[in-house]
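Q: I am new to this structure and would like to learn how to read it. Could you walk me through it step by step?

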Amino acid sequence: MRRTIIFPAVFISCLIIIWVGTVAAAHMPENSLPSNPSSAADDNAAARDSAPNTDVVMAVGQDPSTHTPIQCAISTNYPQKIQQWCDLITAAAQNTGLPANLIAAVILQESGGQPTILSHSGAVGLMQVMPRDGRASEFMCINGPCFANRPTIAELKDPTFNINYGTQMLANLFTKYGSYREALYRYGPSDMGYTYADVVLKIWENY
């Protein structure tokens, strides 16, 4: 008699458990278990592509080798027409060992910060470098055109190229002659002699 009562009770309990499980499964969120793994991967890729790519963002004025910002090394007394080239001047100073304020003084004297200016003799750009073409090609030395190994006018109109090239020229002269005055004397126009060097050094001192 006791067994016939217990069996229906156990059977009914099992039915209740099965029914509860079926209802719970029917109410599970659809995205809990994706039925299509490739579709889920596509969704993740789309989300990744829409997010900002912080790995490749580089602010203006960064050192490309370290991705760290370059702090301006020239005096704030220089006018804005020179300040606008501060990142390039600072980088050139770091690469050559020349003082950034000296490079800025040369640019102020030579071009006033104008990147595409041409002198009456044919010198080009921010640091007024003589090119191999244009009017400068008419200057002849013993072995032929004096500036045959120089860059072109088009190259020297690029501010980055011009500052890097002119700064390296000045750095080489400083290494060879051992003083800024002697280096500037040979960097500047031949018809100005040491006057050019003294003018640039005075600008450097004042700023």
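Q: Which residues does Ser111 touch, not counting residues up to four places away in sequence?

A: Its partners are Ile117, Gly125 and Leu126. You will find Ser111 in the loop between α5 and β3 (140-141).

Q: Is Ser111 buried or exposed?

A: A residue is called buried when its relative accessible area is under 20%. Ser111 has a relative accessibility of 4%, so Ser111 counts as buried.

Q: How should I read a pair of packed helices? What are the angle and the distance for α4 and α5?

A: The general idea is that two packed helices are described by the angle between their axes and the distance between the axes. Here, helix α4 covers residues 86-96 and helix α5 covers residues 100-110. Their axes are 9 Å apart, and the angle is about 125 degrees. That is why α4 and α5 are oblique to each other. Their crossing is right-handed.

Q: Which residues of α4 and α5 meet?

A: From α4 come Ile89, Ala92 and Ala93, and from α5 come Ala100, Ile103, Ala104 and Ile107. Sorted by class, the residues of this contact are 7 nonpolar, no polar and no charged.

Q: At what angle do the axes of α5 and α8 cross?

A: Helix α8 spans residues 180-187, and its axis crosses that of α5 at roughly 30 degrees, coming within 13 Å. Angles under 35 degrees count as roughly parallel, and α5 and α8 are therefore roughly parallel to each other. This crossing, too, is right-handed. On the α5 side the contact is made by Leu102, Val106 and Glu110, and on the α8 side by Tyr180, Leu184 and Tyr187. By class there are 5 nonpolar, no polar and 1 charged residues in the contact of α5 with α8.

Q: What is the average pLDDT of the protein?

A: First the general idea: where pLDDT is low, the predicted coordinates should not be read in detail. For this protein the average is 77, and 67% of the residues score at least 70. Residues 1-7 have a pLDDT below 50, and beyond near neighbours in sequence this stretch has 1 contact in the model. Residues 22-64 also have a pLDDT below 50, and that stretch has 15 contacts in the model beyond near neighbours in sequence.

Key:
Residues are numbered from 1 along each chain as its sequence is written. This is a predicted model: local features need pLDDT of at least 70, side-chain atom pairs count only at pLDDT 80 or more; totals for chains, interfaces and linings use all residues. Side-chain values use heavy atoms; hydrogens and water are left out. Axes are lines fitted to C-alpha atoms, for helices over the stretch in contact, and angles run from 0 to 180 degrees between N-to-C directions. Helices (H or I, at least four residues) and strands (E, at least two) are DSSP runs, numbered from the N terminus. Angles under 35 degrees count as roughly parallel, over 145 as roughly antiparallel, 65 to 115 as roughly perpendicular and the rest as oblique. A crossing is left-handed if the near helix is turned anticlockwise from the far one by less than a right angle, and right-handed if clockwise. Contact means heavy atoms within 4.5 Å. Ala, Val, Leu, Ile, Met, Phe, Trp, Tyr, Cys and Pro count as nonpolar, Asp, Glu, Lys and Arg as charged, and the others, Gly among them, as polar. pLDDT is the predictor's confidence in each residue, from 0 to 100. Buried means under 20% relative accessible area, exposed over 50%, partly exposed in between (1.4 Å probe, protein chains only).
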